[in-house]
Amino acid sequence: LNKIGEGIGFDDSDVAALKQRIWRRDRSGTVDWVNMVDSQPLPDLGDAIHLYNTNREVKARNQQVLERARAAGSKVRTYTADITPGSYSLEEIISEVSPMERELTLAEGLKFMVRVNINEVLTNGTIGLIKKLEVSRILLELPDGNEHWVSMIEIPLPSNKHGNPVGVFLQLPGVLAHAMTPWKAQGLTFDEPMAYHVNNWYGSHGLFYVVVSRVTKPEYLYV
């Protein structure tokens with residue numbers, strides 16, 4: 001990864017090592033994906049985090065995981081933001097400046113990512129498993145095994161040109177985290193499997209270093 005970042009000294013052995021983490025569509029139809037080096041089929045990724053270049057794909061993946069949890073009998077709850085309009089209308093806040101989803105549906109056992117700094121432990125980008133859903137808060141288990149409550153908070157909204165706040169947005173400060181874009185993943189570290197879906201290499205090369213440097217071990221990377 002240091003060689004990629006510096007743009008120097010990247011030799012054939014490095015290319016081969018990187019190709020071992022890349023799978024391509026199998027045109028023979030025997031399996032869906034095969035490895036670029038040894039043609040082995042893509043293993044079951046289980047509960048891996050998936051990265052997509054579009055928000056549409058991210059939303060679809062997270063919705064798929066949510067529906068699977070619902071079908072399995074997990075407790076599900078929808079949190080609706082309490083929005084108080086200021087100098088903007090309610091419709092403008094929802095369509096243009098809402099920092100989070102107006103309606104956020106979660107299920108116990110799923111991954112949740114905090115999107116604002118709450119305290120020294122729960123910072124922007126913190127990911128944990130939802131252990132319990134209550135009316136206005138959720139219980140998160142972090143990778144270290146410790147549990148923390150995350151409550152609905154007033155999330156700051158931008159000010160208008162006169163310096164007046166456009167309104168108040170009260171919501172759980174986060175999103176489902178089974179899928180995200182590379183831009184949302186920037187700065188995060190995943191000590192678990194992560195799959196990057198590249199539908200088109202054009203325009204993706206600039207994101208590649210960001211993506212491959214998210215995981216703590218090479219064997220966690222799947223492209």
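Glu134 is partly exposed, at a relative accessible area of 26%; that label covers whatever falls between buried (under 20% relative accessible area) and exposed (over 50%), using a 1.4 Å probe and protein chains only. Its partner is Arg137, and the two side chains meet in a salt bridge at 2.8 Å, N to O. A salt bridge here is a side-chain nitrogen of Lys or Arg within 4 Å of a carboxyl oxygen of Asp or Glu. Arg137 is partly exposed too, with 29% relative accessibility.

This is a predicted model, so to speak of local features takes a pLDDT of at least 70 and side-chain atom pairs count only at pLDDT 80 or more, while totals for chains, interfaces and linings use all residues. Residues are numbered from 1 along each chain as its sequence is written, and side-chain values use heavy atoms, with hydrogens and water left out.

The structure holds five salt bridges, and some of them join up: Asp47, Lys111 and Glu192 are linked in a network. Lys111 pairs with Asp47, their closest N and O atoms being 3.8 Å apart. That pair links distant parts of the chain, with Lys111 in strand β7 (residues 111-114) and Asp47 in the loop between β2 (33-35) and β3 (49-51), 64 residues apart. Helices (H or I, at least four residues) and strands (E, at least two) are DSSP runs, numbered from the N terminus.

Lys111 also meets Glu192, at 2.6 Å from N to O. Glu192 sits in the loop between α5 (182-185) and β15 (194-196), so this pair ties together parts 81 residues apart in sequence. Lys111 is buried at 6%, whereas Asp47 at 39% and Glu192 at 22% are partly exposed.
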